[in-house]
Amino acid sequence: MAINCFGVVGAGQMGGGIAQVAACSGFDVVLFDLNDAALSRGVGAISASLARMVKKEKLTQDEMNKALARIKQTTDMADMAPVDIVVEAASEDEEIKKSIFRQLDEVCQPNAILATNTSSISITRLAAVTSRPGQVIGMHFMNPVPMMQLVEIIRALQTDEEVFNTVKQLSLNMSKVPVDVKDAPGFVSNRILMPMINEAVFCRYENLASAEEIDTVMKLGMSHPMGPLALADLIGLDTCLSIMEVLYENFKDSKYRPCPLLVQMVDAGYLGRKSGRGFYHYE
C-alpha cells in the first residue's frame with residue numbers, strides 16, 4: 001500500500017508535530033482543525049520548530065521552506081478525500097474520536113488507512129464505528145514528535161496484517177522506531193508512565209516535597225531526563241487525567257485512581273505549559 005498523501009486531524013501539539021515530521025519526510029500533508037485560529041497557531045508552532053532546527057544546522061532553510069509548502073491547511077473535513085492515511089490527533093475523549101472516525105470513514109477514499117494517535121483509548125472500539133475496521137490502527141507518537149523516536153503501533157482486533165505492515169514501514173520512512181503493541185488501556189507507554197506521574201502528584205499532594213524536589217529525586221536518583229511533574233506539565237495535566245481515568249475505568253483497580261490534586265488542578269484550568277501554569281509557572 002503506497003503512502004503519498006498524509007492527513008492529520010488536529011493542529012495542536014501532537015498533530016502539529018506529526019504534520020511536521022510527515023512534511024519533512026517528503027509527504028504531502030493535509031492538516032485539519034476546527035477553525036483558522038487553531039490552524040494558524042499550529043502552523044506557527046511548526047514553523048518555529050523548523051526554524052530552531054535550521055539554527056542548529058539539522059535542516060537547511062530550503063528544506064524548511066519545502067516542508068512548510070507541503071502542508072495544506074483546511075477546516076473542511078472533506079479535504080481529507082485524497083489522503084492515503086490520516087492520523088487523528090484530537091482531544092483524548094472517546095466520543096470525540098468516534099465522531100471524527102465516522103466523518104473520516106465517509107470522506108476518505110475506500111482504501112485509506114484511518115489511524116489514531118490516542119494514548120489510551122481502545123483502537124478496537126474506534127474501528128467498530130467505521131465501515132472499514134480492518135483499515136483502522138493506532139499510531140501513537142511520543143511528545144515532542146520531531147525529537148522522540150518511538151511510535152507504538154497498536155492493532156485493533158479487526159486490523160488487517162497488510163495495514164499493520166504498511167504503517168510499520170511508514171514509521172521507518174519517517175525515521176521513527178515502530179514497536180508492535182497490543183490493544184489494551186494505556187498500551188505500554190502510558191500503562192507505565194501515567195501511574196508514575198500520578199504517584200508523583202500524590203507525593204506533592206501529601207506534601208512530601210516540593211515539585212522541584214520531587215523532580216530532582218527522579219532526575220538525579222533515577223537518571224530521568226525530566227522529572228515527572230515537569231513532564232506532566234509538558235504533556236498537559238488534562239491529558240494525564242484523561243488517561244488515568246481510562247485506566248481506572250477499564251481496570252477497576254484502585255492503583256489507577258487519579259490523585260485528587262490532579263483533578264483539582266484540571267478543574268482550576270492549571271493544565272501545564274499550554275495554560276501557563278501547572279506544577280510550575282511558565283511565561
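So, let's start with the parts list: the protein chain in this predicted model has 11 helices and 8 strands. Its radius of gyration is 19 Å, close to the 19 Å that the globule rule gives for 283 residues, so the chain is as compact as a globular protein of that length. If you draw a box along the principal axes, the C-alpha atoms fill roughly 55 × 45 × 35 Å.

How much of the chain is buried? Of the 283 residues, 51% count as buried. Take the contacts between residues at least 6 apart in sequence: 67% of them join residues at least 24 apart.

Now please find helix 9, residues 228-235. Is this helix enclosed or open? Here 8 of the 8 residues are buried, so helix 9 is largely enclosed by the rest of the structure. Among these buried residues are Pro228, Leu229 and Ala230, and you will also find Asp233 there. And what covers them? The cover includes helix 1 (13-24), helix 7, helix 8 (211-222) and helix 10. Just after helix 9 comes glycine 236, which takes a positive phi of about 110°.

Two of those covering helices, helix 7 and helix 10, deserve a look of their own. Helix 7 spans residues 189-205 and helix 10 spans residues 237-251; their axes come within 10 Å and cross at roughly 110°. An angle from 65 to 115 degrees counts as roughly perpendicular, which means helix 7 is roughly perpendicular to helix 10. The crossing itself is left-handed.

Which residues meet there? From helix 7 we have Asn190, Arg191, Met194, Pro195 and Asn198, and they meet Cys240, Ile243, Met244, Leu247 and Phe251 of helix 10. By type, the residues of this contact divide into 7 nonpolar, 2 polar and 1 charged. While you have those numbers in view, here is a handy bit of background: an α-helix has 3.6 residues a turn, so residues three or four places apart point the same way.

Last stop: aspartate 267, in helix 11 (residues 260-268). Buried or exposed? Its relative accessibility is 63%, and over 50% is the cut-off for exposed, so aspartate 267 counts as exposed. Finally, look from aspartate 267 across to aspartate 238: the two sit 29 residues apart along the chain, and their C-alpha atoms are separated by 8.9 Å.

Thanks, everyone!

Notes: Residues are numbered from 1 along each chain as its sequence is written. This is a predicted model: local features need pLDDT of at least 70, side-chain atom pairs count only at pLDDT 80 or more; totals for chains, interfaces and linings use all residues. Side-chain values use heavy atoms; hydrogens and water are left out. Axes are lines fitted to C-alpha atoms, for helices over the stretch in contact, and angles run from 0 to 180 degrees between N-to-C directions. Helices (H or I, at least four residues) and strands (E, at least two) are DSSP runs, numbered from the N terminus. Angles under 35 degrees count as roughly parallel, over 145 as roughly antiparallel, 65 to 115 as roughly perpendicular and the rest as oblique. A crossing is left-handed if the near helix is turned anticlockwise from the far one by less than a right angle, and right-handed if clockwise. Contact means heavy atoms within 4.5 Å. Ala, Val, Leu, Ile, Met, Phe, Trp, Tyr, Cys and Pro count as nonpolar, Asp, Glu, Lys and Arg as charged, and the others, Gly among them, as polar. The radius of gyration is taken over C-alpha atoms; the globule rule is 2.2 Å times the number of residues to the power 0.38. Buried means under 20% relative accessible area, exposed over 50%, partly exposed in between (1.4 Å probe, protein chains only).
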